[in-house]
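Q: I have a structure open and want to go through it piece by piece. Can we start with a term I will need?

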Amino acid sequence: MPYASIIGQDRSIAILRRAQAGGKLAHAYLFDGIEGCGKRKTALALVQSIFCTEREGCGRCAACRKVAALQHPDLHLVEPDGAFIKIDQIRELQRELAFRPFEAPKKACIIDSADRLNPAAGNALLKTLEEPPGNALLILITANPGGMLPTILSRCQRLQFQAIPQPAIEAYLVAQGTPAETAGIAAALAGGSIGKALDVSSETVLQERQTLLQRLLSLSLGDISPLFAAAEELAADKEKAQEMLELVTTFLRDMLLLRQGSGDLSNRDLLPLLEKGASRFTSASLMGLIEQVAATRRALFRNVNTRLALEVMFMRLAEA
Amino acid sequence: MSYLVLARKWRPQTFRDLIGQEHVSQTLQNAIDSGRIAHAFLFTGARGVGKTSSARILAKALNCEQGTSTEPCNNCSACTEITAGTSVDVFEIDGASNTSVDDIRELRENVKYLPSRSRYKIFIIDEVHMLSTNAFNALLKTLEEPPPHVKFIFATTEPHKLPITILSRCQRFDFKRIPLPKIVARLRFIVDQEQVGISDGALAMIARKGDGSMRDSLSTLDQVLAFCGERVGDEDVVALLGVVDRRLLQETARSIFARDCRGVLDIVRQVDGYGYNMRHFGQELIDQFRTLVILKAVGDAAEFAELSAGELAELQELSGGVALGELQRHLTLLLRADTEIAQSSFPRLVLEMVLLKMANLAPVVPVDELLARLQVLEKPASGIVASGVPSWEAPRSRQAEAPAARTRPELPRSTKPPQLAEEADSPGLCAEPAPAPAAAQAKTSEAGGGDWEGFVAFVRGKKPLLAALLEHGRPLKVSAQAMELGYSAGSFQYNKLKDADVIADLTGLAQAYFRTATAVQLKPLSGSTEGLPPTLLEKKSLDQSAREQELRAVAVGHPLVAAALEIFDGVIESVKEGDGSEKV
């Protein structure tokens, strides 16, 4: 049962199932929720339940297995080609949707990362999205609905996927065989995303986190060569730099919470280090630093020189 | 036939069904009645307000077999074909997919031929703003003078993207956002037809979510119906739409005004626990603060906010002790956070931070109040004296103050500034070695005189970076033959300088300066630096403090300063050097 394998999205699944049972499935859905919370899985499960030849999404029949392997001739998956989904991809999709379905009762199309539709492609989709040929089903998936055209949003039924609650993630990780303590921390850091929790729960990542925090706390303006070295090393991988900034933000947040006397920490295992850090800063300077880290993140999004941006940020950290 | 979403099923088919766009339907109907039908129309407006629907209705009204009329019959084959999108004489073109000039050329080919059955050949170009520049320009001549049997109808959400040459050839109709009561009424009509039981409150919630767009409202209604079936309970709608509990919002505002940091953090935890979307919560909060600001500004917000009297009264009480300026600052912070939450991968954190910031916001003093205080200060000296000096002294001081106040305008100009300016200009006291003396020193060194300061100034002219490093060094030995510099071991400057290339550079420069072969040596220092010659930076700061002392002595001796000290019962905090140009 594909629906059954999805964690923590009971509400969205219930809505879809009821709509399906009542014959009120809309032709266009927008699945919106943070990265890694099961949107794409749910979309595939929905398609399976429509295409299934046995029962409602058995997961075993030929149709279900073809959908799971993305091999079904009536299922079209559109994903960003490079940074964007381009208009040619949409035109191609429109051509495909104009045909009758081969074996399934209707054609289905999943557009992943729909916020990456470039303006031309997004506009080209509008008419299809409003009145698709045949009775095709379109499912748009996005983690950032704010980046989409309002005209697209207005044509879809929007299904908000919740962030998965921490306990559910923790339980899932434990069931996967992660030690309970690690699972707790990973769940706290995952921010509701199973995908991220799995990433974080590996031992090396947790260890790296500790070294990073130690390194940050030891930065000083008195001796700046380690500071530059750290910036150079961390700037080597841009993707990683973003993750690192997120981690730094959680550290700062925890220190701030410690100062405010709240115990709801994300990095519980690093408490002694965090306390040491918290005693060094004031609440105001911590907030300033968080602002600084956010500014660095924004700068990285705009493609500035990663190393320079990190250097500046580290200097600010060391200075505070 | 599979399920048709409400927005498509209940698409208006006559002008009468078109909600909230009376100004458009009225104009079009009058035009049809009087036979003054333009050949090109442009429908603009936000999403889901009826542009495409109007275009189709207009096409039907023009082509209906019952004759051109204000209300198409919707029964004849022409009307039904248009509704189904199969009419041979009405071309509904997706302007966003067919953007190229070739598509327009094809259209122009087509324009020449007479309609096959109907009265007019009608081209509806939806999303027309996406046509390429070439496509637009290729259309211009046809659009200006089409054959009599052709009508164009353009629909777009973004009229600013159309060239003005296109705009000037069309009759433009701006569609308005649909007011909330009208959406609710239409929703009520539809649910009655669909035989669904739902309360007015729930419909209002749905309509509010639609934000002035009929299609958005209907999409939401569809979702609610799919979830709840025939009977819709209010609490189901609340749960489904993720409507934030009003009490939680008020609690947030209360904690912020009470500067309760823990309370604020607790609220974020609750929000997370309920599974609310952080961004949504933030937006609701923005809405609440907007209402608070309006309440503060006009007192009666009933017509600006869609809230009941009871809710307004609660908010009124909530903002009782908070100034308008402060509310506006809160609102600004929230608005800025909104964009950040949208981009952040950790929205909870952004929300926590902004709420903490709001709870820690330093109170503002209104400018009016500050001005009032200033005015008190400016009034005859009595105010000043009363505040600073014990009362029994007051009469005497006031007498002393009176002449001082009168002479105040002349005093500064006559004595103090010239004195200061003079000192600032005198060359010997300049903190940084000015270029002129440096050059002079460079010349004297031709004779072989060794001078550290001169050398650094010389280097600064050639290699500023190197000079900055040298400023940190202790000149242990400086002569034309050998130079020995001390740096604390392991310091950044030492590590930079010990590079062989840098040493070579330095030796070359020294040679140029002293005009003989000079050996440059670096020496790592550790432990106490006492007894060693000072670095240039240290020397500079020493010079500066000496200079400050001197200035202070001048200031203390000045009669005006002395008078000020006495009147305000003050102390001299610091003495700063003016640049000589400003008025004191």
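A: Two strands pair if DSSP finds at least two bridges between them. Keep in mind that this is a predicted model.

Q: Is β4(B) buried or exposed?
A: Seven of its seven residues are buried, so β4(B) is largely enclosed by the rest of the structure. Both faces are covered, with B:F152 among the buried residues on one side and B:I153 among those on the other.

Q: Which helix goes with β3(B) and β4(B) in a β-α-β unit?
A: Helix α6(B), residues 133–144, and the unit is right-handed.

Q: Switching to chain A. What is the strand order in the sheet?
A: The open sheet runs β2-β3-β4-β1-β5, with parallel pairing. β2(A) and β5(A) are at the edges with a single partner strand each, so one side of each has no neighbour in the sheet. From one strand to the next, the twist averages 20 degrees.

Q: What does α4(A) touch there?
A: It packs on the sheet against β2(A) and β3(A), and its direction makes about 170 degrees with that of β2(A).

Q: Last one: how many residues does each chain put into the contact?
A: Chain A gives 41 residues and chain B gives 42. On the chain A side, 14 are nonpolar, 18 polar and nine charged.

Key
Residues are numbered from 1 along each chain as its sequence is written. Chains are lettered from A and ligands numbered from 1 in the order in which they are written. This is a predicted model: local features need pLDDT of at least 70, side-chain atom pairs count only at pLDDT 80 or more; totals for chains, interfaces and linings use all residues. Two residues are in contact if their C-beta atoms, placed from the backbone, lie within 7 Å. Ala, Val, Leu, Ile, Met, Phe, Trp, Tyr, Cys and Pro count as nonpolar, Asp, Glu, Lys and Arg as charged, and the others, Gly among them, as polar. Helices (H or I, at least four residues) and strands (E, at least two) are DSSP runs, numbered from the N terminus. Axes are lines fitted to C-alpha atoms, for helices over the stretch in contact, and angles run from 0 to 180 degrees between N-to-C directions. A residue is buried if 20 or more other C-beta atoms lie within 10 Å of its own, exposed if 12 or fewer, and partly exposed in between; C-beta atoms are placed from the backbone. A crossover is right-handed if, with the strands pointing away from the viewer, the path from the first strand over the helix to the second runs clockwise.
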